[in-house]
Amino acid sequence: MSSDETPNVPTPRNSREAVREKAQQVHAQQSRARLMRRIIIGAIAVVAVGAIGTAVTLAVSAQVSKPQLSPTGMDGDGVIVTDLVPSATTGDTLETPTPDPSDAGTEETPTPEPTASERVDIHIYVDYLSPDAGEFERANARQLASWINEGAVTVSYHPVALLTASSNGTKYSLRAAAAAACVATHSPDQFYAFNHDLLDDQPKVGSDGLSDVELADVAGAVGVDNTKAVRSCIEDADFVTWAKEATTRALDGPLAGSEDLVLTSAPMIVANGEAYVGALDDPAEFSQFVLTVASDAYYQTATPTPAPSATPTETPAK
């Protein structure tokens with residue numbers, strides 16, 4: 001039995017058109033997907049750039065809004081100690097720091113005589129993490145204090161930060177130098193005691209050092225006049241930038257009181273423009289150096305006595 005009906009099979013032409021239509025649909029879907037990806041990526045980029053711009057703006061604004069503070073009571077980035085005055089709060093005489101009896105050179109040393117015009121000018125550059133700076137302070141604190149009280153010398157301490165990278169990232173040297181500047185600014189009469197305590201009882205190189213709170217506690221323990229102002233200054237890091245710049249100035253030179261010296265280590269001690277290169281733990285050797293410097297200054301400034309001139313004798317008239 002035959003039939004005139006033909007099977008429902010697409011012709012080759014209809015098949016090609018169907019494939020082409022399907023391909024166009026796939027291509028359109030892929031184009032839309034690519035467009036959406038571009039839009040999403042662009043939006044993320046805009047948000048990221050905006051966030052970065054906001055962060056930069058806030059950082060710059062914070063730097064601009066917080067002025068760069070500089071300590072007061074400084075001369076050539078140093079704190080001058082001319083007299084160990086009584087405490088303004090207790091009325092007690094400031095105790096002269098005494099080195100450990102086990103330290104070398106505890107014998108008495110002669111006092112240098114002041115020059116014809118002024119005291120011997122001593123500048124001491126200290127890094128509060130430097131073991132050598134602590135050694136020099138412990139060995140020479142007693143005679144330095146004695147010379148200061150007798151008016152034989154003027155001592156200037158210069159806080160610097162050469163070992164900033166040696167405290168597990170806490171930047172102790174830098175923070176301690178800034179803390180010393182806080183005490184010099186807000187309670188100058190206690191600077192000498194604060195400076196001595198930081199050098200006498202130092203943290204070890206490679207340790208975290210003292211925190212800002214602990215530095216403020218040390219300041220309170222030596223009897224600073226304005227405890228709140230000192231603590232705020234230390235904990236807010238008011239003079240950290242100054243400490244960094246003061247160190248750079250010392251490295252560039254010339255050092256205060258000298259013509260061509262630059263900071264090469266801490267401590268570095270300069271007396272009347274001459275660098276001390278002797279033993280840091282030998283007070284007798286340091287004393288001899290200061291005596292020699294004082295003597296040289298005396299003979300350089302002494303006015304020579306004019307030689308007596310012959311007085312003409314009148315010849316009596318004949």
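The buried residues of helix H4 are covered by, among others, strand E1 (79–81), strand E2 (120–126), helix H2 (131–149), strand E3 (153–159), H3 and H5. Here, buried means under 20% relative accessible area with a 1.4 Å probe, protein chains only, and helices (H or I, at least four residues) and strands (E, at least two) are DSSP runs numbered from the N terminus.

A quick note on the model: it is predicted, so local features need pLDDT of at least 70 and side-chain atom pairs count only at pLDDT 80 or more, while totals for chains, interfaces and linings use all residues. Residues are numbered from 1 along each chain as its sequence is written, and side-chain values use heavy atoms, with hydrogens and water left out.

Back to H4, which is mostly covered, with eight of its ten residues buried. Those are Phe191, Tyr192, Ala193, Phe194, Asn195, His196, Leu198 and Leu199.

| Pair | Angle | Axis distance |
|---|---|---|
| H4 (residues 191–200) and H5 (residues 212–221) | about 130° | 9 Å apart |
| H3 (residues 172–186) and H4 | roughly 160° | within 9 Å |

The H3 angle makes H3 roughly antiparallel to H4, a label for angles over 145 degrees. H3 passes H4 in a right-handed crossing, meaning that the near helix is turned clockwise from the far one by less than a right angle. On the H3 side, Tyr172, Ala176, Ala179, Ala180, Val183 and Ala184 meet Phe191, Phe194 and Leu198 of H4, where contact means heavy atoms within 4.5 Å. By class, this contact has nine nonpolar, no polar and no charged residues.

As for H5, its crossing with H4 is right-handed too. Phe194, Asp197 and Leu198 of H4 make the contact with Leu215, Val218 and Ala219 of H5. That gives five nonpolar, no polar and one charged residues.

Now for the cores, each a set of buried Ala, Val, Leu, Ile, Met, Phe, Trp, Tyr and Cys residues joined through side-chain atoms within 4.5 Å. The largest has 59 residues, and Ile122, Leu144 and Phe286 have the most contacts inside it. H3 gives the most to this core, with eleven residues. Leaving aside residues up to four places away in sequence, Phe286 touches Ile122, Phe136, Asn140, Gln143, Leu144, Trp147, Ile269 and Tyr276. A second, separate core of nine residues includes Ala250, Leu263, Met268 and Val270.

Notes
Axes fitted to C-alpha atoms, helices over the stretch in contact; angles between N-to-C directions. Nonpolar A, V, L, I, M, F, W, Y, C, P; charged D, E, K, R; others polar. Parallel < 35°, antiparallel > 145°, perpendicular 65-115°, else oblique. Buried < 20%, exposed > 50% of the residue type's maximum accessible area, 1.4 Å probe, protein only.
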